[in-house]
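Hi everyone, thanks for coming.

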Amino acid sequence: MVAPSIERVLSDEEIAHFQEQGYVLVKGVLSREEAQRYRHLILDMVPRDLTIPPHWHANAGRIKPMREDGKQSFETPELLSLLSNERLYSAAVQLLGDHRLRAFDASLGITMRNDSGKGAGASILSQTPHLDCTVPADTAFLFTLEEVQVGGCYYFTDVAPTGGGIHVMPGGHRWVEETVRAHGGGLSGRQLYNNWKRLEGLETVEVTGEAGDFALLHHLMPHAASHNRLPTARVAQFTRFTRADHPHSPQQPAEPGRWSPEQLGAMTPLGRRLLGVDPW
């Protein structure tokens with residue numbers, strides 16, 4: 001396949017910011033009207049009587065819808081287009097250096113106002129900083145471009161300071177690499193800090209943004225959820241991209257029956273390639 005014409009979404013300054021700091025806010029991935037529509041779709045999943053299903057996760061004002069089979073991905077026809085947004089895809093292509101990508105995750109998050117523990121000395125985080133990445137715990141980091149995963153969350157509401165935005169450690173991806181290499185670079189480095197799932201005492205900043213923006217992080221970026229101290233619930237969806245030639249989880253053709261006729265009908269040509277229906 002001939003490489004498609006890719007929109008230049010990120011400026012040179014934004015690319016440099018990502019490379020130095022490990023994250024970038026991609027502006028205007030969705031229009032405000034689109035963001036509102038997705039917000040309502042997700043909020044409509046919450047039972048009207050606020051009876052939170054027992055298989056959902058709920059903690060410190062954070063509600064994470066879960067499927068009854070224990071999986072977190074919501075790939076309904078109405079939400080599937082979030083995995084193949086062309087503007088977000090183009091930004092990922094700029095950062096990963098290849099147009100042949102794989103998209104996944106599709107988990108959701110609702111962060112309601114939570115005043116618990118509010119006051120001087122209270123933690124701003126509702127979650128311990130950690131890494132989410134597709135490098136298995138029994139495999140050493142390679143620190144190559146092919147291994148990089150970029151992902152984060154759509155903001156479907158304006159996220160002002162203390163509004164439950166995702167928290168990151170500026171430059172954290174470089175700190176992780178330096179720390180791993182200082183421990184020999186092998187499995188011992190990969191398995192530090194309980195496989196990099198518990199990073200205590202880090203200084204983080206909140207990524208604020210407007211409805212329709214996307215907070216895009218490097219896979220080695222320590223990050224955490226934060227308390228929402230504002231009235232408006234933060235509603236988000238999580239999307240991640242890797243290169244199709246990712247060394248640990250390369251893209252495979254979708255198994256027969258993986259996608260329903262309704263899902264296939266909702267896919268764009270780009271989505272069919274990102275989700276393994278059609279080859280690159």
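Before the pockets, one definition: a pocket here is an open set of grid points where a 1.4 Å probe fits, with protein on both sides within 12 Å along at least five of seven lines, and its lining residues have an atom within 4 Å of a point. Oh, and please keep in mind that this is a predicted model.

Okay, let's take the second largest pocket. It holds about 470 Å³ of space. Its lining has 21 residues, and if you want to find the middle on your screen, look for Glu75, Arg102, Phe104, Arg258 and Trp259, which lie nearest the centre. Which strand gives the most to this lining? That's S4, with four residues. Sorted by class, the lining has eight nonpolar, five polar and eight charged residues.

Now for the largest pocket. Here we have about 640 Å³ of space. There are 32 lining residues, and the closest to the centre are Lys64, Gln127, Asp132, His223 and Phe238.

Next, a pair of helices. In our model, H1, residues 12-21, packs against H4, residues 172-182, at an angle of about 35°, and the axes are 6 Å apart. On the H1 side, the contact is made by Phe18, Gln19, Glu20 and Gln21, while H4 brings in Gly172, His173 and Arg174. That contact counts one nonpolar, four polar and two charged residues.

Finally, let's zoom out. How many helices and strands does the protein have? Eight helices and ten strands. The radius of gyration is 18 Å, close to the 19 Å that the globule rule gives for 280 residues, so the protein is as compact as a globular protein of that length. Along the principal axes, the C-alpha trace spans about 55 × 50 × 40 Å. Of the 280 residues, 50% count as buried. And if you take contacts with a separation of 6 or more, 84% of them are between residues 24 or more positions apart.

That's my tour, so over to you for questions.

Methods. Residues are numbered from 1 along each chain as its sequence is written. This is a predicted model: local features need pLDDT of at least 70, side-chain atom pairs count only at pLDDT 80 or more; totals for chains, interfaces and linings use all residues. Side-chain values use heavy atoms; hydrogens and water are left out. Axes are lines fitted to C-alpha atoms, for helices over the stretch in contact, and angles run from 0 to 180 degrees between N-to-C directions. Helices (H or I, at least four residues) and strands (E, at least two) are DSSP runs, numbered from the N terminus. Contact means heavy atoms within 4.5 Å. Ala, Val, Leu, Ile, Met, Phe, Trp, Tyr, Cys and Pro count as nonpolar, Asp, Glu, Lys and Arg as charged, and the others, Gly among them, as polar. On a 1 Å grid over the protein atoms alone, a cavity is a set of points where a 1.4 Å probe fits but cannot get out, and a pocket is an open set with protein on both sides within 12 Å along at least five of seven lines; lining residues have an atom within 4 Å of a point. Grid points are joined across faces, edges and corners, and a volume is the space filled by probe spheres set on the points. The radius of gyration is taken over C-alpha atoms; the globule rule is 2.2 Å times the number of residues to the power 0.38. Buried means under 20% relative accessible area, exposed over 50%, partly exposed in between (1.4 Å probe, protein chains only).
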